[in-house]
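Work through the exercises below with the model open. Try each task before you read its solution.

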Amino acid sequence: MTVSEWPKQAVSWFDERLPVFTFMQHELNEYPTPRNLSYWWNFGSLAGIVLVVMIATGIVLAMHYTPHVDMAYDSIEQRIMRDVNYGWLMRYVHLNGASMFFLLVYIHLFRGLYYGSYKAPREVLWWLGIILLLLMMMTAFMGYVLPWGQMSFWAATVITNLFSAIPLIGDQIVTWLWGGFAVGNPTLNRFYSLHYLMPFVIVGVVMLHLVALHMHGSNNPLGIDRKEERDSIPFHPYYTIKDALGLGVFFIVFAVFVFFAPNFLGEAENYVRANPFQTPAEIVPDWYFLPYYAILRSITFDIWFIPAKLIGVTAMFGSLMLLFALPWLDTSKVRSARFRPIYKQVYWVFVVDCLVLGWVGANRPEGHILIIGQVATAYYFLHFLVLMPLIGWFEKPRPLPDSISKAVLERPAPPAEAGTGGAE
Amino acid sequence: MSDTVESSASGAPGAADGGEEGETRRDFLLLATTAFGAVGAAFAIWPFVDSMNPSADVLALSSIEVDLSPIAKGQRITVKWRGAPVFIEHRTQAQIDAARKDDKADLIDPQLDKDRAKRPEWLIMVGICTHLGCIPLGQKSGQPKGEWGGWFCPCHGSHYDTSGRIRKGPAPKNLPIPEYEFLSDTVVRIG
């Protein structure tokens, strides 16, 4: 053989023993993808890249962090932020990376809600996505405790106390979670251990998420299945380049936060050392937990013999658990909201409702803010439990195009498309 | 593995001479082995779960002795017990009377004042709001004491009375009373 041929030979030698090249060729190069994906389809891969960034910065931070109640705060504020080379950069990337991760995943999730990506045959793909969100929340919460500032300590106290709402064994569970009789050193140690473990569990579930995705491929803005050959294009180079452009734009946004406003999304109170004897005037979680916090605090009344605390905790967890049932709560056969005139409007009301819940969560639940929170909480559940089933039943969807390529390549009048496409 | 091969090979011709019985015996062995394995695994999980419960060194710090002699009437002090604050109040007669009068009031978590203080002049409670674990205010002079002159939790607005009973707000229970015992008139052991 000639010299130019032998790398090819080496590749096929290796591939016959471990088929990584075949796998990559199949899943990236040939992987057929709908030809009409918009930029809303960038956010899954962006979230995956942020996960890698979080693991990389996290591993470095762990080399300098000390998980002890007497030393944790200083090991971050003194050593990592001031003494360790580029420690400030690692820390701020990790800190803001968490916010970016949630931002991307929330956009990804709302994209799925708009275009009906959770419907058959992608229900399990959707479930895995919700599981990923739950795992992310656990990881973010435990990571937030590690700096051992005032918000770290009191967030840990309030969140672990949620489990005391469980009837009969609640208090034992809380003691077990703490490894003591209050949030303390054993709690910090186990949170650190789990915070290091969880990202790798997330990586595992991401793999499953991708396997489930590749079974039927991506949904698309039209929400119809691919029928003809020309409905698809190979993932590479068309979507690798589209993802790369999106990544560039996203990194600019990320960098603006890291370099110009690294604490904009955080709470100043967490730059005060944890003090178990003084509760801060207001305990507020990071922005990505605010809507759930609003739901929790909106329940201020008992129902029959069930105490308000238990109802609040149930409502908060229920708001997420509800998403598992969404493929069946939505009774419409049509996936994309583009062809669902009523759902399309209700969708945006729901988006506003979630933003209102976020705003309520950032404020004290008193007076009119409490009322707004209760109305927004009720609407959240109304949307999933009443509106979704009902609208699918009586709504008359607009006619679906025959195929993706027909709709995209033979569109009659471009201005009409621009009118509906703007918000999507 | 070889069992399976053998059974499928002898299955069809041996059906008449007790082949089916052999299947049942194999099923039983499979079930018994699986059940035994599952129970064993469940027992093996317990040490992992229990290792997360409070350890001996944490439990060793679980009781403290407090000298009450320097606490003047009407004064409140906070001591640390099991990593959590304990409120000790040397109550005045007026406060005791107010608490007793409210025994008959419409309480969220009904409890008599005499069941909450072994000696009426000493009120000893865990100072953690029963809502979500914040520390109620009222221990230091100048802090809000709530509408009943006891304690007030700033997190979500729970009011406690002079017996530490919840009177208003989202907290479901009275401030808990720890185990304690008077070793003498001026020394109390908590825990």
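**Exercise 1: The interface**

The contact takes 23 residues from chain A and 26 residues from chain B, where contact means heavy atoms within 4.5 Å. This is a predicted model: local features need pLDDT of at least 70, side-chain atom pairs count only at pLDDT 80 or more, and totals for chains, interfaces and linings use all residues. Residues are numbered from 1 along each chain as its sequence is written, chains are lettered from A and ligands numbered from 1 in the order in which they are written, and side-chain values use heavy atoms, with hydrogens and water left out.

Task: describe the contact of chain A and chain B by area, polar pairs and elements.

Solution. 

Step 1. Take the area. Chain A and chain B bury about 2,000 Å² between them, with 69% of it on carbon and sulfur atoms. Buried area is the accessible area (1.4 Å probe) that two parts lose on being put together, summed over both.

Step 2. Find the main contributors. A:Trp176, A:Phe181 and A:Phe277 supply 35% of the area that chain A buries against chain B, more than any other three residues.

Step 3. Count the pairs. There are 0 salt bridges between the two chains; such a bridge needs a side-chain nitrogen of Lys or Arg within 4 Å of a carboxyl oxygen of Asp or Glu. Polar contacts join 6 residue pairs across the interface, both residues at pLDDT 80 or more. A polar contact is a pair of N or O atoms within 3.5 Å; within protein, one must be able to donate a hydrogen and the other to accept it, and residues adjacent in sequence count only if both atoms are side-chain atoms.

Step 4. Name the elements. On the side of chain A that touches chain B, two or more residues each come from α7 (150-161), α8 (170-178), α9 (185-216) and α11 (290-298) of chain A. The largest share, 4 residues, comes from α7(A). Helices (H or I, at least four residues) and strands (E, at least two) are DSSP runs, numbered from the N terminus.

**Exercise 2: One threonine**

Task: is A:Thr160 buried or exposed, and what does A:Thr160 touch?

Solution. 

Step 1. A:Thr160 is found in helix α7 of chain A.

Step 2. Check accessibility. A:Thr160 has 3% relative accessibility, so it counts as buried. Buried means under 20% relative accessible area, exposed over 50%, partly exposed in between (1.4 Å probe, protein chains only).

Step 3. List the polar partners. A polar atom of the A:Thr160 side chain lies 2.6 Å from the backbone oxygen of A:Ala156.

Step 4. Leaving aside residues within four places in sequence, A:Thr160 is in contact with A:Val174, A:Leu177, A:Trp178, A:Val183 and A:Phe191.

**Exercise 3: Rings**

Task: how do the rings of A:Trp287 and A:Tyr288 pair?

Solution. 

Step 1. Apply the rule. Rings of Phe, Tyr and Trp (its six-membered ring) pair if their centres lie within 6.5 Å; planes under 30 degrees apart count as stacked, over 60 as edge-to-face and the rest as tilted. The count comes to 35 aromatic pairs over all chains.

Step 2. Classify the pair. The ring centres of A:Trp287 and A:Tyr288 are 5.6 Å apart and the planes stand at 80°, so the pair is edge-to-face.

Step 3. Compare accessibility. A:Trp287, at 28%, counts as partly exposed. A:Tyr288, at 4%, counts as buried.
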